[in-house]
Amino acid sequence: MNAPIPFLDLRQPTAALRGAIDGAIARVLDRGQFLLGPEIAGLESEFAAWCGARHCAGVASGFSALQLIVRACGIGPGDEVIVPGNTHIATWLAVAATGARPVPVDPEPATRVIGAAGVEAAITPKTRAVFAVHLYGMPCDMPALGDLCRSRGIRLLVDAAQSAGAAIGGSRALCHGDAAAYSFYPTKNLGALGDGGAVVTDDPEIDAAVRLLRNYGMRHFADHPMRGVNARMEELHAAVLREKLRWLDDWNDRREAIARRYLGRLSAMPGTVAPAWPAGVRHAWHLFVIEVDDREAVRARLDAAGIGTAVHYPVPPHRTAAFAGTGPFPPLPVTDRLASRVLSLPLHPFLDTAEADRVMDALADAVRGEAR
Ligand SMILES: Cc1ncc(COP(=O)(O)O)c(C=O)c1O
């Protein structure tokens, strides 16, 4: 019996960089400054450069980044923000937390991310922004969305929680819109040893507002120009993230190589729908998500074969109790269909080629209805 292949094992990236991580932690302990210090400043300039952006502000989580971007743009009660029907519920919750209303749009079936046609149909006089979510690491069509948002005078905001490293035509900067929210949740392509996030933008006003909002809206103890929150990043996390950032390109290359191998096998595997990978797109391959007809049965067979899987996401936000009574929502048939069919397979930089092949062998058996 082969060793099981878990969906993800977070000990692996830590073990690979253990010496550097220990050194980063020691640096912070020896300095004795734990919040808003030099490690955060270092991470901000290094991550901004890596993203091809002018500014980066470290914050406490991806959720904080999303929420503070909306607030920094002056969006709140009475405003509408267009969001994808299929996304992590955090996108919707962050908009709702500002008092604005999330207005869902169905994704395009092939790419599973929202496109300009769907967004255009959902714009009303109350629309102030669109939250494009590069779900699973697949960037939205930013040139088309950018043209649309500019022509309608609304903001193009990005939930980049799953898309560290995504690019269009070789440009990461093109993936950011007016401002982008990154998450450094431990499972992300760039994951901290806890919570963390960042706002990346070329707009100095958004950057300045986020910096104020993350620290109680306070310039100093006697100057509080706005009602902020505590959404500060911790030095320990920033120090560790800086060490991991050095490896992110290599790790993303490895993700891409596995994705390519999977796609090769899936092209000849009936009963599965593979993720789209449009030409000119650098997919961040945060998640490798296929569609299958009888998901729970396929999942159970993979589980019996020792292959870990996950579902992103089984219940779309408009079907949750959290958003009950906040509609009416438009019909979201693509979102609903995806929720019952998507299945995420193991894909991370520490998966070796033999393991990737075992995942595909087991999947082929599972969709045929056999247990391996
Ligand atoms: C698409 C998306 N948006 C937002 C978030 C929220 O990020 P965080 O958990 O860092 O708050 C996540 C995941 O965690 C996510 O996957």
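Mentor: Domain bounds here come from an automatic or database domain assignment. Keep in mind that this is a predicted model.

Trainee: OK. Which domains does the assignment give for the chain?

Mentor: Domain 1 covers 11–105 + 112–245, and domain 2 covers 248–368.

Trainee: What separates their centres?

Mentor: Taken over C-alpha atoms, the centres of domain 1 and domain 2 lie 24 Å apart. Domain 1 puts 39 residues into the contact, and domain 2 puts in 39 residues.

Trainee: And the area buried between domain 1 and domain 2, what is it?

Mentor: About 3000 Å², with carbon and sulfur atoms giving 63% of that area. On the domain 1 side, R112, Y136 and N189 lose the most area to domain 2; together they account for 27% of what that side buries.

Trainee: How many polar contacts and salt bridges are there between the two domains?

Mentor: There are 18 residue pairs in polar contact between domain 1 and domain 2, counting pairs with both residues at pLDDT 80 or more. The salt bridge count between the domains is 2.

Trainee: Which elements give two or more residues to the domain 1 side of that contact?

Mentor: The elements are α1 (11–16), α5 (89–97), β3 (101–105), β6 (167–168) and α9 (235–245). By class, the side of domain 1 that touches domain 2 has 21 nonpolar, 13 polar and 5 charged residues.

Trainee: Is E235 buried or exposed?

Mentor: E235 counts as buried, because its relative accessibility is 0%. R31 counts as partly exposed, at 38% relative accessibility.

Trainee: Which residue does R242 meet in a salt bridge?

Mentor: The side chain of R242 meets that of E39, with an N to O distance of 2.9 Å. This pair also links distant parts of the chain, with R242 in helix α9 and E39 in helix α3 (residues 38–51), 203 residues apart.

Trainee: Are R242 and E39 buried or exposed?

Mentor: R242 is buried, with a relative accessible area of 18%. E39 is buried as well, with a relative accessible area of 1%.

Trainee: What about D253, which partner does that one have?

Mentor: D253 forms a salt bridge with R282, at 2.9 Å from N to O. D253 belongs to helix α10 (residues 248–266) and R282 to strand β10 (residues 281–282), 29 residues apart. At 40% relative accessibility, D253 counts as partly exposed.

Trainee: Which residues do salt bridges with shared partners join into one network?

Mentor: R27, R31, E39, E46, E235, R242, E243 and R246 are joined that way.

Trainee: Last topic, helix α12. Which of its residues are buried?

Mentor: In α12 (residues 333–341), the buried residues are T335, L338, A339 and R341.

Trainee: What do they pack against?

Mentor: The buried residues of α12 pack against β9 (272–273), β11 (288–292), α11 (295–304) and β12 (342–345).

Note on methods. Residues are numbered from 1 along each chain as its sequence is written. This is a predicted model: local features need pLDDT of at least 70, side-chain atom pairs count only at pLDDT 80 or more; totals for chains, interfaces and linings use all residues. Side-chain values use heavy atoms; hydrogens and water are left out. Contact means heavy atoms within 4.5 Å. Buried area is the accessible area (1.4 Å probe) that two parts lose on being put together, summed over both. A salt bridge is a side-chain nitrogen of Lys or Arg within 4 Å of a carboxyl oxygen of Asp or Glu. A polar contact is a pair of N or O atoms within 3.5 Å; within protein, one must be able to donate a hydrogen and the other to accept it, and residues adjacent in sequence count only if both atoms are side-chain atoms. Helices (H or I, at least four residues) and strands (E, at least two) are DSSP runs, numbered from the N terminus. Ala, Val, Leu, Ile, Met, Phe, Trp, Tyr, Cys and Pro count as nonpolar, Asp, Glu, Lys and Arg as charged, and the others, Gly among them, as polar. Buried means under 20% relative accessible area, exposed over 50%, partly exposed in between (1.4 Å probe, protein chains only).
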